[in-house]
Amino acid sequence: MKKIKEWIAKLNQQQKIILGIVIPIVLLIIFYPIADEFAGYYSAPFDFEDTWLVWLIYVAIVGFIEFKLFENKE
């Protein structure tokens, strides 16, 4: 975790913004098949009645990453 903090500290604002966009997209690509497995035969991955836990975990992970990426260290 210390190395990640040091790496984030080296990034400029434009790089942080790009990572703030790319990381959630990559995680969405990863979580979509996971949600598809949780969905029933006749439901879709975005049917929140069946897959709410997967998307809650996705939002929590993205929120944590975005917080660490853009936190004010002053």
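**Close-up 1. Thr-51 sits in helix α3.** Helices here are DSSP runs of H or I with at least four residues, strands are runs of E with at least two, and both are numbered from the N terminus. This is a predicted model, in which local features need pLDDT of at least 70, side-chain atom pairs count only at pLDDT 80 or more, and totals for chains, interfaces and linings use all residues. Residues are numbered from 1 along each chain as its sequence is written, and side-chain values use heavy atoms, with hydrogens and water left out. With a relative accessible area of 1%, Thr-51 is buried (buried means under 20% relative accessible area, exposed over 50%, partly exposed in between, with a 1.4 Å probe and protein chains only). The Thr-51 side chain reaches the backbone oxygen of Asp-47 at 3.1 Å.

**Close-up 2. Ser-43 lies in the loop between α2 and α3.** Ser-43 has 18% relative accessibility, so it counts as buried. Its side chain makes a polar contact with the side chain of Asp-50, at 3.1 Å. A polar contact is a pair of N or O atoms within 3.5 Å; within protein, one must be able to donate a hydrogen and the other to accept it, and residues adjacent in sequence count only if both atoms are side-chain atoms.

**Close-up 3. Helices α2 (residues 13-38) and α3 (residues 48-70) pack at an angle of about 165°, their axes 10 Å apart.** That makes α2 roughly antiparallel to α3. For such angles, under 35 degrees counts as roughly parallel, over 145 as roughly antiparallel, 65 to 115 as roughly perpendicular and the rest as oblique. The axes are lines fitted to C-alpha atoms, for helices over the stretch in contact, and angles run from 0 to 180 degrees between N-to-C directions. Sorted by class, the contact of α2 with α3 has 20 nonpolar, three polar and three charged residues (Ala, Val, Leu, Ile, Met, Phe, Trp, Tyr, Cys and Pro count as nonpolar, Asp, Glu, Lys and Arg as charged, and the others, Gly among them, as polar).

**Close-up 4. Gln-13 and Gly-20 both belong to helix α2.** Gln-13 is partly exposed, with a relative accessible area of 45%, while Gly-20, at 14% relative accessibility, counts as buried. Gly-20 and Phe-67 are 47 residues apart in sequence, and their C-alpha atoms are 9.8 Å apart in space.

**Close-up 5. Phe-31, Tyr-32, Phe-46, Trp-55 and Tyr-58 form one aromatic cluster.** Searching the whole structure turns up four aromatic pairs. Rings of Phe, Tyr and Trp (its six-membered ring) pair if their centres lie within 6.5 Å; planes under 30 degrees apart count as stacked, over 60 as edge-to-face and the rest as tilted. Tyr-32 and Phe-46 make a tilted pair, 5.6 Å centre to centre with 55° between the planes. This pair links distant parts of the chain, with Tyr-32 in helix α2 and Phe-46 in the loop between α2 and α3, 14 residues apart. Tyr-32 is partly exposed at 39% relative accessibility, and Phe-46 is partly exposed with a relative accessible area of 45%.

**Close-up 6. Trp-55 and Tyr-58 are an edge-to-face pair, because their ring centres are 5.7 Å apart and their planes lie at 85°.** The two residues are three apart in helix α3, so about one helical turn separates Trp-55 from Tyr-58. Both Trp-55 and Tyr-58 are buried.
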